[in-house]
Each structure stands twice: as structure tokens, then as C-alpha cells.
Amino acid sequence: MKPAITLLAILAAAQGITALKVPQNVRDFYQRVKVGRCEGSDKLKGGFFDRSGKNEKAQWSYCQKSVAGQAIFLHGPNTFANMDIDCDGDLSDPGDGRCGSSEDTQGQTAFVDQVRKVSKNKIKDLNANIHPYVVFGNDREDGGPTFNPQKYGVKPLSVMAVVCGEKLIYGTWADTNGDDGPPVVGEASISLATACYGTKAINGNSGHDESDVLYVAFTGEDALPGPRTKWDAKNFKEFEDSIEEVGNRLIKRLK
């Protein structure tokens, strides 16, 4: 078995893919808050779908159960959320081409101006093929449900934690759900999704359907990436490594 494990590690490194083992406190949090519904003061906003809105009820919410004032996560009835694929942002480098199948790619992320500022114009926007980011929050102008995480202390580009496929991935909050369809939740950049589920399972039009992905945003200035963040990273691993220290500190809030 050791040679096989070594080979997998070599292949992952060659692809610039890395993931962390899920710490016990995060595992315990995952199992505890998953059960039941998010109700009362724990539910910051509900009325969202996990997928396209077909054949399901709008039972997903932004929740703060057991982490009020410290973090916000997506929650459904006895479940979390799925993972749709986002390819928005800097399109100048198409990566391995898997974003080509996306049918709704936008040429910029929600916080493109902040990206240029914090990167000191080293990059013009995040690249979904390189930067692990999460789509979090809902903006609409059609009267449907909206949610702005900034009202609860979450800062644009702050570090988020994603538990997926027995892995822990850190990313940044870089985009929001628009009004080009039903009010849905559960989406991440293709690089983050690939770190979770691999290249064969993920492309621009195919994500992870099971509602077992935990997305956690953290409040406060200390959730922002530090000065050592490699905004101009050339691959996923380089960027992920540069925000790992901040992420490791933040997940200690999950008790």
C-alpha cells in the first residue's frame, strides 16, 4: 500500500492539488450542527434552494448555530449543501480547459476591485483555475430572498473553510449568487472543487450533487488573508499554502 500512497501523493503534487486532514474539532462540529434544522435566532436568512429549485423546497439557510457572532455556514434539513462550479474571474489563463463547458461564466468576481487593491495590482482578478474561492451570499433585484454576509461581519476575500469528501480546504469569499435563476446556495471555484473531488468528477458544468459539503465563513478583520498571501500564485497549492495559517487559526472557533 505504501507505493500506491506515494504515487497518489506525487500525482497530486504534480497537479498542484493539496488538501488537509479534517481536525477532530471540525469533525465534531460537522456532525453536531448537521442534525435537525436551523431555526430561531440561529437562522439568519432562509428560503434558498440547494440546486436549481426543481423538485425541492427552499429549505436551505444561512445559519449560525453554536457559532453566533463567530461564523456563518450553509445548512439544510439534516444536511449541508452541494457544490456547483464557478469559473468566474480572470479568464486569460484557461487552465486545463475544463471551465470551457461552463454555461454561465462571468468575466469578473464580485470583489474584483478589492482583489486588485490587496494584490497591489499584481493580478486583475482571481482565476477560478488557481484560486480556491467560495460563492457565498445572494444578491437579487427580483424580490427573491437575499443575504449579505457583510451585514454580519464577514469581510470580502476573508478566509473560508470547506469540508468536502473527508477533506478540509481553505478558500476566500470572492463571489456571490446572482439573480440569473432561482435563489440557490452551494458553489465554489473549479480549483477548490477539484481539490475536493478530483479532475475526472469536476468540470465547468458538473459539480458534486450530494448535499454534504460544509461551507463556513468567519467574521471579523482577523479572518482576512495576511500579508504573505500569494495573490499572484501560479497554482492552487501555492495560494492554498499561503492562507493555511489563517485558516488553521479560524477553525479553532468551531467547537
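This is a predicted model: local features need pLDDT of at least 70, side-chain atom pairs count only at pLDDT 80 or more; totals for chains, interfaces and linings use all residues.
The largest pocket holds about 870 Å³ of space. It is lined by 31 residues, and those closest to its centre are Ile85, Asp104, Asp180, Val184 and Glu187. Strand 4 (81-86) and strand 7 (167-177) each give at least two residues to this lining; the largest share, 4 residues, is from strand 4.

The second largest pocket has a volume of about 330 Å³. Its lining has 16 residues, with Lys117, Val118, Ser119, Pro225 and Trp231 closest to the centre. The linings divide by class as follows.

**Aromatic pairs**

The model has 9 aromatic pairs. In one of them, the ring centres of Phe48 and Tyr62 lie 5.3 Å apart with the planes at 90 degrees, so the pair is edge-to-face. Phe48 sits in strand 1 (residues 43-48) and Tyr62 in strand 2 (residues 60-63), 14 residues apart.

Tyr62 also pairs with Phe147: the centres are 4.1 Å apart and the planes at 15 degrees, so this pair is stacked. Here the partners are 85 residues apart, since Phe147 belongs to the loop between strand 5 (133-138) and strand 6 (159-164).

Phe48 is buried, at 0% relative accessible area, and Tyr62 is buried at 0%. Phe147 has a relative accessible area of 4% and is therefore buried, the cut-off being under 20%. Phe48, Tyr62 and Phe147 belong to one aromatic cluster that also includes Phe136 and Tyr152.

Technical notes. Residues are numbered from 1 along each chain as its sequence is written. Side-chain values use heavy atoms; hydrogens and water are left out. On a 1 Å grid over the protein atoms alone, a cavity is a set of points where a 1.4 Å probe fits but cannot get out, and a pocket is an open set with protein on both sides within 12 Å along at least five of seven lines; lining residues have an atom within 4 Å of a point. Grid points are joined across faces, edges and corners, and a volume is the space filled by probe spheres set on the points. Rings of Phe, Tyr and Trp (its six-membered ring) pair if their centres lie within 6.5 Å; planes under 30 degrees apart count as stacked, over 60 as edge-to-face and the rest as tilted. Buried means under 20% relative accessible area, exposed over 50%, partly exposed in between (1.4 Å probe, protein chains only).
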